[in-house]
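Q: Please take a close look at one part of this structure, and then set it in its surroundings.

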Amino acid sequence: MSIEVLTFGCRLNTLESEAVKNAASAAGLERTVVVNTCAVTAEAVRQAKQSIRRLKREDPERRIVVTGCAAQTEPGTFAEMDEVARVVGNADKAKPETWALARQAFDFGIGGEEKAVVGDIMSVRETALHLIEGMEGRTRAFVQVQNGCDHRCTFCIIPYGRGNSRSVPMGEVVAQVRRLVENGYSEVVLTGVDLTSYGIGLPGAPKLGQLVRTLLRHVPELRRLRLSSIDSVEADDDLVAAIAEEERLMPHLHLSLQAGDDLILKRMKRRHLRRDAIEFCARLRRLRPDIVFGADIIAGFPTETEPHFRNSLRLVDECGLTHLHVFPFSPRKGTPAARMPQLAREAIKERARRLREKGAEALQRHLAGEIGRRRAVLAETEGMARTEAFTPVRLVRPLVAGTISDVRIAGHDGARLIAA
């Protein structure tokens with residue numbers, strides 16, 4: 001066994017894991033597992049620790065290196081684990097020299113005090129584009145165009161794991177997307193921690209909309225372009241126009257909404273009100289009627305009452321959301337929300353359940369509405385594909401993974417569409 005990478009969390013972590021694997025392999029590391037962690041919830045950290053212990057039990061001889069957001073925000077937690085050989089900070093995890101030094105340390109022995117190699121993420125001013133030729137086992141490619149976040153939502157630890165907002169120059173992004181298309185990718189996803197803050201610190205301060213327009217203009221061979229999660233209040237006019245006018249920009253947006261009650265949004269230190277979210281979705285639906293929205297919503301934020309929560313439930317219908325990502329509130333040490341009056345865990349779980357049920361109802365309506373329509377689907381495997389709106393489709397007739405084909409939707413099984 002050479003290098004294995006176990007990834008938790010977001011699409012950005014998935015992309016970075018590919019770069020980590022390439023760099024660690026090039027350094028000649030062997031019998032090593034890199035655990036790329038997520039810090040968004042306490043549960044994500046717990047799962048990472050549980051996996052580390054399991055990996056070591058399965059093969060006591062292999063080394064385990066921990067990196068990612070949880071390694072950045074709480075390096076001591078992982079450095080104290082006997083199973084862990086090294087802890088690497090987020091800013092350095094994709095650098096070739098990081099893994100060359102790791103191999104040197106493993107070859108010549110390492111002291112306990114040298115286990116954690118984690119720098120000051122807030123001092124990082126630039127984001128390097130991860131130059132990869134493709135993503136193993138995937139039919140769509142992710143391209144990181146932004147990292148970090150300048151906002152300080154009261155529940156969120158991620159800025160302390162990722163640093164301040166910084167962006168990749170447009171020319172580098174265009175070159176990378178062109179390279180991926182030449183390598184056979186039909187679909188590319190632009191990723192970032194706070195994607196709609198793209199352009200901060202770059203000459204001329206371009207916005208995300210300008211980047212999207214530039215990419216589609218300069219890489220005409222790219223068939224499908226997607227955006228990862230966006231903050232609707234930061235969406236610029238050029239981005240909205242691109243969504244309305246560019247058929248190759250897929251009609252699916254995942255929104256960082258978090259709550260549907262104005263008081264809770266204020267206590268979260270969000271930058272939008274409930275009406276802003278509703279109006280944004282209505283505006284885009286007028287401009288692009290086939291658009292589908294997903295959203296992140298937190299259940300059981302501190303001080304949330306039942307009426308506050310019902311406003312979040314109603315937001316699902318009022319925004320016309322289809323794909324819900326529900327987070328039971330999890331206090332993160334060091335954040336203001338962790339010091340607020342907490343709800344009982346059972347109440348949080350019960351509200352998360354109700355939100356998921358509401359999301360399931362919305363998904364059922366969407367699936368039912370797709371029956372009889374023709375959709376261009378990207379095959380992820382021989383038997384499974386995704387529509388333009390990112391809805392999964394079970395294929396009756398196998399397709400070659402990575403190809404885009406026109407199919408008719410014959411039905412659904414409650415979770416996926418079924419192609420005729």
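Is threonine 335 buried or exposed, and what is its relative accessible area?

A: Threonine 335 is buried, with a relative accessible area of 1%. Here buried means under 20% relative accessible area, exposed over 50% and partly exposed in between, with a 1.4 Å probe and protein chains only. The model is predicted, so local features need pLDDT of at least 70 and side-chain atom pairs count only at pLDDT 80 or more, while totals for chains, interfaces and linings use all residues. Residues are numbered from 1 along each chain as its sequence is written, and side-chain values use heavy atoms, with hydrogens and water left out.

Threonine 335 is found in the loop between β13 (321–328) and α13 (345–370). These labels are DSSP runs numbered from the N terminus: helices are H or I over at least four residues, and strands are E over at least two. The side chain of threonine 335 reaches the backbone oxygen of arginine 332 at 2.6 Å. A polar contact is a pair of N or O atoms within 3.5 Å; within protein, one must be able to donate a hydrogen and the other to accept it, and residues adjacent in sequence count only if both atoms are side-chain atoms. When neighbours within four places in sequence are left aside, threonine 335 is in contact (heavy atoms within 4.5 Å) with Thr154, Phe155, Cys156 and Ile157.

The nonpolar interior comes next. A nonpolar core is a set of buried Ala, Val, Leu, Ile, Met, Phe, Trp, Tyr and Cys residues joined through side-chain atoms within 4.5 Å. The largest such core has 54 residues, and Leu190, Val212, Leu227 and Leu253 have the most contacts inside it. Helix α7 (residues 170–182) gives the most to this core, with six residues. Leucine 253, with neighbours within four places in sequence left aside, touches Leu227, Ile230, Ile243, Phe280, Leu284, Ile291, Val292, Phe293 and Gly294. Apart from this core lies another, of 34 residues, with Phe8, Val35, Cys156 and Phe327 among them. In soluble globular proteins, nonpolar side chains tend to be buried together.

Strands β6, β9 and β10 form an open sheet in the order β6-β9-β10, with parallel pairing; two strands pair if DSSP finds at least two bridges between them. Because β6 (140–144) and β10 (224–227) stand at the edges with a single partner strand each, one side of each is left without a neighbour in the sheet. The twist averages 25 degrees from one strand to the next, with axes fitted as lines to C-alpha atoms, for helices over the stretch in contact, and angles from 0 to 180 degrees between N-to-C directions. Five bridges join β6 to β9 (residues 187–191), and alanine 141 has valine 188 in β9 as its bridge partner. Two helices pack on this sheet. Helix α1 (residues 11–26) touches β6, β9 and β10, its direction making about 95 degrees with that of β6. Helix α8 (residues 208–218) touches β9 and β10, at about 165 degrees to the direction of β10.

Four bridges join β9 to β10, where glutamate 187 stands opposite arginine 224. The chain crosses from β9 through α8 to β10 in a right-handed β-α-β crossover, in the sense that, with the strands pointing away from the viewer, the path from the first strand over the helix to the second runs clockwise. Strand β10 is covered on both faces: Arg224 and Arg226 are buried on one side, and Leu225 and Leu227 are buried on the other.

A further open sheet has five strands in the order β1-β2-β3-β4-β5, again with parallel pairing. Its edges are β1 (3–7) and β5 (116–117), each with a single partner strand, so one side of each is left without a neighbour in the sheet. Helix α1 also lies across β1 and β2 (32–37), running at about 165 degrees to β1. Within strand β1 is valine 5, which counts as partly exposed at 22% relative accessibility. With neighbours within four places in sequence left aside, valine 5 is in contact with Ser17, Val20, Lys21 and Val34.
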